[in-house]
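Here's a quick tour of one protein model with its ligand, with a look at some charged pairs along the way. Have the structure open as you read.

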Amino acid sequence: MNLDILIFLGSVRESSPPKPARLGLRVAEACKIQLEKNHNVTLIDPLNITLLKPFKPHFSYAKNKVPENLDFLAQQIEKADAYIMVSPEYNHSMSPALADLLNHFGSSLFSYKPSAIVTYSAGQWGGARAAVNMRTFLSELGCLPVSAMLHVPKAQEVLNDDGTFTDSQDRNLWIDYFGRTFAQLEWWGTAAQNQRLNGNEIQPRAFKVNPSQRNAP
Ligand SMILES: Cc1cc2nc3c(=O)[nH]c(=O)nc-3n(C[C@H](O)[C@H](O)[C@H](O)COP(=O)(O)O)c2cc1C
């Protein structure tokens with residue numbers, strides 16, 4: 001079954017050094033190329049989304065006062081069946097731009113739908129340390145990450161600018177590696193979609209006023 005999948009790109013960096021800038025774009029494109037063979041895929045680029053200061057999340061606005069771009073993205077998130085979160089590793093942490101964008105939306109929009117963690121780096125570790133903290137972040141956001149993660153070290157050598165794999169002997173291994181994570185995402189995404197189609201929606205019982213509403217007695 002077709003899924004609506006949103007790919008969130010975690011880089012807003014256009015300057016260098018370090019080179020190349022926006023390495024993440026090719027990683028996000030690589031995911032898109034593979035997933036759109038079977039699904040409807042939309043790339044969410046944080047450079048195209050203006051976030052106002054001071055920080056005010058989507059859920060803090062009165063309904064008729066939400067900025068149009070924020071509301072549009074909220075609708076896309078709500079409609080989606082699954083998410084791909086693509087992040088560079090900055091100082092051994094996930095992308096602050098990605099965290100900031102996601103913090104603008106309540107967990108009820110993401111809940112009961114799966115996500116996949118995709119990290120990359122220009123160096124040899126592929127963003128593995130950023131991924132550890134992304135698992136906690138995404139779990140709290142409600143879109144539980146599937147167990148298989150994608151890490152792309154030296155992404156500038158693995159991927160061309162347009163997201164195609166470079167002509168190395170490992171090309172097919174990379175495609176297979178991406179496919180393993182995506183297969184998990186598809187399985188969970190389809191299962192969750194079926195639950196919704198069958199009317200088995202869970203009442204989220206999200207807190208409405210204060211996080212203490214989730215406290216143990
Ligand atoms: C502020 C900053 C911090 C970085 N920290 C790390 C790091 O902790 N680990 C790592 O492997 N690479 C690190 N890098 C290098 C990135 O892997 C590399 O610059 C990559 O291109 C970043 O992705 P982007 O171009 O999509 O923004 C860092 C780069 C920047 C700009």
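## Salt bridges and the ligand site

At 12% relative accessibility, Asp45 falls under the 20% cut-off, so Asp45 counts as buried. Keep in mind that this is a predicted model.

Asp45 has a charged partner: Arg22 forms a salt bridge with Asp45. Arg22 is buried too, with a relative accessible area of 14%. The Asp45 end sits in the loop between strand 2 (40–44) and helix 2 (68–79), and the Arg22 end in the loop between strand 1 (4–9) and helix 1 (23–35), so the pair ties together parts that are 23 residues apart in sequence.

The structure holds 7 salt bridges.

| Asp45 | Arg22 | 2.7 Å |

Take the Asp161–Arg26 pair. Asp161 lies in the loop between helix 6 (155–158) and helix 7 (171–197), while Arg26 is in helix 1, so this bridge links parts that are 135 residues apart in sequence. Asp161 is exposed at 64% relative accessible area, whereas Arg26 is buried at 11%. As for Glu36, its 40% makes it partly exposed.

A polar side-chain atom of Tyr120 is 2.6 Å from an oxygen of the ligand. The protein covers 80% of the 610 Å² of accessible area that the ligand has on its own. Around the ligand are 17 residues, and by class this shell has 8 nonpolar, 5 polar and 4 charged residues.

Conventions:
Residues numbered from 1 in each chain as written. Predicted model: local features only at pLDDT ≥ 70, side-chain atom pairs only at ≥ 80, totals over all residues. Heavy atoms only, no water. Near = heavy atom within 4 Å. Polar contact = N/O pair within 3.5 Å; in protein donor to acceptor, adjacent residues only side chain to side chain. Areas by Shrake-Rupley, 256 points an atom, 1.4 Å probe, with all protein chains shown as cover. Nonpolar A, V, L, I, M, F, W, Y, C, P; charged D, E, K, R; others polar. Salt bridge = Lys/Arg side-chain N within 4 Å of Asp/Glu carboxyl O. Helix = DSSP H or I, 4+ residues; strand = E, 2+ residues; numbered from the N terminus. Buried < 20%, exposed > 50% of the residue type's maximum accessible area, 1.4 Å probe, protein only.
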